[in-house]
Amino acid sequence: MRRLRSIAALCLPLGLGLGLAGCGLTRPPATVEAPFPAQWHAPLPHGGSLASLADWWRQLDDPLLVELIAAAEAASPNLASAAARVAEARSTRVQAGAALLPNLDGTASASRGVSGSSFGSGGTASSSSSSTAAIAPLTTLQAGLQSKWEIDLFGRLRADRDSAEQKFNSATAKWHDARVAVAAETANAYFAERACQQQLRVAESDAKSRSETARLTDLSARAGFTAPADAALARASASDASGRLTQQRAQCAVQRKALVALSGIDETTLEQKLAASPAQRTLPAVGSIASVPAQAISQRPDVYAAELGVASASADVGSAEAERYPKLSISGSIGRMQIRTSGFRESLDTWTIGPVSLTVPLLDGGARAANSDAAKARYTEAVSLYRANVRQAVREVEEALVNLDATDARAADADSAVKNYQASFDATQARYQSGLASLFELEDSRRTLFAAQTSRVSLQRERTEAWVALYRSMGGGWARPESPSMTSNPAAKVATSP
């Protein structure tokens, strides 16, 4: 009966702790309103429902681009770092969840020694010279289980678990954001390589044309039909074109090395792949974009990560507040001990409940209050960053839409300009060869044609940049975990892809 009373007395604080465990402290809101506009203020392709961007790159029907993006993802240090942060956050989440449960440790020990006593002939203790010693080996074996459990009175451990969960989800979203960024960077480098080669062909054609004009003019000057000044002008024009051609070749070589560094593919192999692949294809029409910005922006992994940052900061505030209140923990153990000596063997079973310890913070110089204030400040910062992230996301989408629409509208004018300047140059060249036009008129017409051709290449490059920027700003086909996925399972992909 006395033992039962003792057990009841020890379990009373435990029952009280379990009752108070539901009394968690109030946290700041885990979700906040974001400044989503009611509608887009930019031209919308087709103005329809949310488009899937998962097969964005395959729309070009360019297997080399898809291959380069896959190679860049495998070689990217940023993606590897993001994957490592996901693994770290996953471990932290497991640790935070385990803190809510009792821990259990097994113990085992063994010792061996001797025990002995000295007695006189009459059975009483005497001096060492007249005593006989009885010494026997003593073996002690002990095994048991020990457990300790902190009762989550005010929700501190639950807040830590929730914070770790949100940080893990945020790290996963950031991995996807890094993957989208790598794909966009690689695509831009690939399109820049194609545009550079296209500009190189323009420069080669221009240099060839000027060189031929210089040769013919020089022959005419030697025959006395052309002034030496015109011959000098033609030679200067050819030298100028040759210099631009050399510069353009250097730019293309530098651009190719950037693509090599991104993809991790050997430069010789990459050159062979580029040579075997057709020239840059026409960009496909952009699919429908969500008419409601909130739907489109919510599919961006960086926005989702910032949103989770608010939830994590909210849980951290709850944990910091709970640190200011008492903590209750209980421990216990069970075990068996066996003693062996001189043919004697005895086994003992032991168990304990306790101690039940209650820790009450009394004086800490304001450290816990300061930690709580710091957590609240971090929460305010997380809210501000989330809202700023949403505003930036809206801006990036609308800028991409405006640039894409503008470059599309300018494309027809650029093509028309090149076509007509080419016709004008051909006519001027024919007149020059027949002696009806001056070299100055020919060179002026050539410069105008070269400028128009260069502008068209630049415009095509701008259009690809806007096309890639739209992919990047729309989230790259990523979908929130709670919504129907546009791609494969993100969690599984993080676990297997890096």
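In this predicted model, the count of aromatic pairs comes to four. One of the pairs joins F154 and Y325, whose ring centres are 5.0 Å apart. The planes of these two rings stand at 35°, so the pair is tilted. Planes count as stacked under 30 degrees and as edge-to-face over 60, with tilted for the rest. F154 belongs to the loop between β2 (132-151) and α4 (156-222), while Y325 belongs to the loop between α8 (301-322) and β3 (327-341). The pair therefore ties together parts that are 171 residues apart in sequence. Y325 has a relative accessible area of 33%, so this residue is partly exposed.

Another pair is made by F191 and W467. The centres of their rings are 6.4 Å apart and the planes lie at 70°, so this pair is edge-to-face. F191 is in helix α4 and W467 is in helix α10 (residues 439-473), so the parts tied together here are 276 residues apart in sequence. Are F191 and W467 buried or exposed? Both are buried. F191 and W467 also belong to one aromatic cluster, together with Y190.

Aromatic rings also take part in contacts with charged groups. The ring of F168 has the charged end of R93 over it, 4.1 Å from the ring centre. In a second case, the charged end of R244 sits over the ring of F450, at 4.8 Å from its centre.

The next topic is the packing of two helices. Helix α2 covers residues 63-75 and helix α5 covers residues 228-263; the two pack at an angle of about 60°, and their axes are 7 Å apart. Angles of 65 to 115 degrees would count as roughly perpendicular, and those under 35 as roughly parallel. α2 and α5 are therefore oblique to each other. Which residues make the contact? From α2 come L68, A71, A72 and A75, and from α5 come L259, L262 and S263. Sorted by class, the contact has six nonpolar residues, one polar residue and no charged residues.

Helix α5 also holds S237. Its relative accessibility is 8%, so S237 counts as buried. When neighbours within four places in sequence are left aside, S237 is in contact with R210 and E443.

Helix α8 contains A311. With a relative accessibility of 13%, A311 counts as buried, because buried means under 20%. Beyond residues up to four places away in sequence, A311 touches A30 and Q166. The C-alpha atom of A311 is separated by 9.2 Å from that of V32, although these two residues are 279 residues apart along the chain.

D415 is located in helix α9 (residues 367-433). D415 and S455 are 40 residues apart along the chain, and their C-alpha atoms are separated by 9.8 Å.

One backbone detail remains. The peptide bond that runs from G354 to P355 is cis, with omega near 10°. P355 is part of strand β4, which spans residues 344-359.

Terms used: Residues are numbered from 1 along each chain as its sequence is written. This is a predicted model: local features need pLDDT of at least 70, side-chain atom pairs count only at pLDDT 80 or more; totals for chains, interfaces and linings use all residues. Side-chain values use heavy atoms; hydrogens and water are left out. Axes are lines fitted to C-alpha atoms, for helices over the stretch in contact, and angles run from 0 to 180 degrees between N-to-C directions. Helices (H or I, at least four residues) and strands (E, at least two) are DSSP runs, numbered from the N terminus. Angles under 35 degrees count as roughly parallel, over 145 as roughly antiparallel, 65 to 115 as roughly perpendicular and the rest as oblique. Contact means heavy atoms within 4.5 Å. Ala, Val, Leu, Ile, Met, Phe, Trp, Tyr, Cys and Pro count as nonpolar, Asp, Glu, Lys and Arg as charged, and the others, Gly among them, as polar. Rings of Phe, Tyr and Trp (its six-membered ring) pair if their centres lie within 6.5 Å; planes under 30 degrees apart count as stacked, over 60 as edge-to-face and the rest as tilted. Buried means under 20% relative accessible area, exposed over 50%, partly exposed in between (1.4 Å probe, protein chains only). A charge sits over a ring if NZ of Lys or CZ of Arg is within 6 Å of the ring centre and within 35 degrees of the ring normal.
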